[in-house]
Amino acid sequence: MSGGVLPVLALMLAFGVLPFSPLAMIAVAGQLIGGAMSAVNLAGRRLHQELEQRGGEVEAALALGFGMRDARSLVARPVAAEALLPGLDQTRTVGTVTLPGAFVGLVLGGAGRARWKPGWCS
């Protein structure tokens, strides 16, 4: 999982998207690790099911001279790609449903326009 989390954090820090503060880095790293854990968990469960159901395909690939890793990857690649879909769907709905819904909730709850006053952001 660190192979997916560390490069993203490094790029975010390098391009200035993420401030160089421990609080921000811990929060973003936690979100990235949580997403990676979900994808790995889903991929692992689905891969186990697929290997049980499609064991004959793996045996056929072994009979044709494939190595064990290559034979299993014939089943594993589509499963790994499918494991990323829930995270991608969640990212899509944040922009179209969650954030606008939160904004409407604040407006209906009586939130007014924030006005800038000197000294707020020191």
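**View 1. Crossing of helices α1 and α2 in a predicted model.** The axes of α1 and α2 come within 10 Å of each other and cross at roughly 145°. This crossing is right-handed. On the α1 side, the contact is made by V5, V8, L9, M12 and L13. On the α2 side, M25, V28, A29, L32 and I33 make the contact. Sorted by class, the residues of this contact are 10 nonpolar, no polar and no charged.

**View 2. The largest nonpolar core.** Which residues make up the largest nonpolar core? This core has 6 residues in all: V5, L9, L18, A24, V28 and A29. The elements that give two or more residues to the core are α1 and α2. Helix α2 provides the largest share, 3 residues. In soluble globular proteins, nonpolar side chains tend to be buried together.

**View 3. Helix α2 from end to end.** Helix α2 runs over residues 22–53, which is 32 residues.

**View 4. Buried residues of α2 and what covers them.** The buried residues of α2 are A24, V28, A29, A36, A39, A43 and E50. An α-helix has 3.6 residues a turn, so residues three or four places apart point the same way.

Conventions:
Residues numbered from 1 in each chain as written. Predicted model: local features only at pLDDT ≥ 70, side-chain atom pairs only at ≥ 80, totals over all residues. Heavy atoms only, no water. Helix = DSSP H or I, 4+ residues; strand = E, 2+ residues; numbered from the N terminus. Expected span 1.5 Å × (residues − 1). Buried < 20%, exposed > 50% of the residue type's maximum accessible area, 1.4 Å probe, protein only. Contact = heavy atoms within 4.5 Å. Core = buried A, V, L, I, M, F, W, Y, C linked by side-chain atoms within 4.5 Å. Axes fitted to C-alpha atoms, helices over the stretch in contact; angles between N-to-C directions. Left-handed = near helix turned anticlockwise from the far one by under 90°. Nonpolar A, V, L, I, M, F, W, Y, C, P; charged D, E, K, R; others polar.
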